[in-house]
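Try each task before you read its solution.

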Amino acid sequence: MQYCTACQKAPATVVIMDVAELSVTGSQHLCQACAEQLGVATPKTPKFSADTLEMLLGGIKQAKRATRAEACPGCNLTVAEFRSKGRLGCPRCYETFRAELMPLLQRIHEAQTHTGRLPGVFAAAAPPAADERSLSDVRKRLEEAVRGERYEEAASLRDELRRLERGPTT
Amino acid sequence: MSKSKKGDKPPEFRPGAWLQGTGPEHDIAICTRVRLARNLRGFPFSPCLADHESRQLYDFVTTRLAQGGLPENLTVVHLEPVDELERTVLVERHLISRELAASKRPSGVAVDADENVAIMVNEEDHLRLQVFAPGLQPGEAWRRAERLDDALLQRLPMAWSEEFGFLTSCPTNTGTGLRLSVMLHLPGLVWSEDIDKATNTAQKIHLAVRGLYGEGSRALGDFYQVSNQVTLGRDEQQIQNDVLLAVGRLVQWERDVRAALLRGSARVRTLDRVHRALGTLERAQILTSEEALGCLSAVRFGREEDLIDGFDTAAINRALLLSQPGHLQRHTREVLKPEERDQRRAQLLREVLGCAP
């Protein structure tokens, strides 16, 4: 192992070569500290410690939890926003915030289930099922298609949207 | 169905249900209102709508409303070009809420010519249907609202589920989305200081008691709104029964108190109160909105109990509406300072009630 030519104490980790006309004309071996002091090496980034790793992973974990369990996939409303405003953001919020909502409904209405009339078979919209999602998805894809000037695609998406909006009966 | 052009004034004055002074129990129950909250699938609820979605939703709904085939003949009033004064006028006529009047979003209201049906678009819920009937008539108002709702459900993809019924932004409206309210004139209960007891009793059985202009508004001129609070777990018929039962009791209570106020030594004090109010309306040159409402309330009471004559209840109801700040300024066709407003109000009330100038 070669020692630093400047301080003669630490092992040399940086090699500086003088290059002239495609051949090495001389070299200097330095340790990291001396190389930094001479301004020929940029300070190394600190190593990942267990702490920083934990912090980063923790952050990612938390962010994941926030998007998965706290924000509604239909409208991005978070549970904190729902709690502070007391308003739901979209029909899907009823499922997303079910755990929060049920006790609230019980307090307000002393009930948790609807007993009144429903649109039934004459409704323009079927009960919200899997295609609840497709309706907003299709609308989003349509907007993107228009923005990207993909008009053929947009036209077929528009027809699909109309069909979905009209529902199964009309 | 016609669609008004941008910049059109809202329809001219027609006496809505609450002004007619007719219907069952009309001496105390001024009018009954059914309100249904409905939302469209595929859009976030109004509070979460992005600007472009808000526009999209508004255009979609108003186009469908204008397509016709509905059981009501409605005119769409676009609120965007409507100025603050005209919006206030619509609020005072109960056609739009104060929230909608203050809204910066694309919003509007579809109204029938008699102003008994109004559909607000882009309020807290995408659609809010309102149907008014004079006096205490929950059944009548409900049937009309149900027919309109049926037609809308066939034309618009509404958000609902078997479990929660109609889905709304605020959990207080979930289920039926039905708010049934009755506007009551309760001077007897106020004068006898029984009103707090009466409102507490109503609240105990899950009814809300509010002022004339709904949530957060003060009870001016002894006018109150009583409505159901529960919308989930009770069906529409049960809600009507609940409200009818409670309002029936309040009406009876008011009648008993009125009888007591007109008996024995109390009678002369009551007569004095009514005649002083009438004297003020006939002679005062400056009247604040609050004083005017107080006087009109007393005079309405006097008229209903046959203590005075010379004008009918409908004229008093009309005076009530016309003395509100929006209508007053619209009538005089200028924006007035409060002092000028009070002067004009005194003058206008004399005209409406047919008193000497």
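**Exercise 1: the layout of chain A**

Along its sequence, chain A runs β-β-α-α-α-α-α-α-α. This is a predicted model, where local features need pLDDT of at least 70, side-chain atom pairs count only at pLDDT 80 or more, and totals for chains, interfaces and linings use all residues. Residues are numbered from 1 along each chain as its sequence is written, chains are lettered from A and ligands numbered from 1 in the order in which they are written, and side-chain values use heavy atoms, with hydrogens and water left out.

Task: State how many helices and strands chain A has.

Solution: Chain A holds seven helices and two strands, taken as DSSP runs (helices H or I, at least four residues; strands E, at least two) numbered from the N terminus.

**Exercise 2: cysteines**

Solution: Start with the criterion, a pair of cysteine sulfur atoms within 2.5 Å. A:C75 is in no disulfide, as the nearest cysteine sulfur, that of A:C93, lies 3.5 Å away. Next, check burial (under 20% relative accessible area is buried, over 50% exposed, partly exposed in between; 1.4 Å probe, protein chains only). A:C75 counts as buried because its relative accessibility is 17%; A:C31, at 4%, is buried too.

**Exercise 3: a glutamate in chain B**

Task: Decide whether B:E86 is buried or exposed.

Solution: First locate B:E86, in helix α2 (residues 84-92) of chain B. Its relative accessible area is 7%, so B:E86 is buried.
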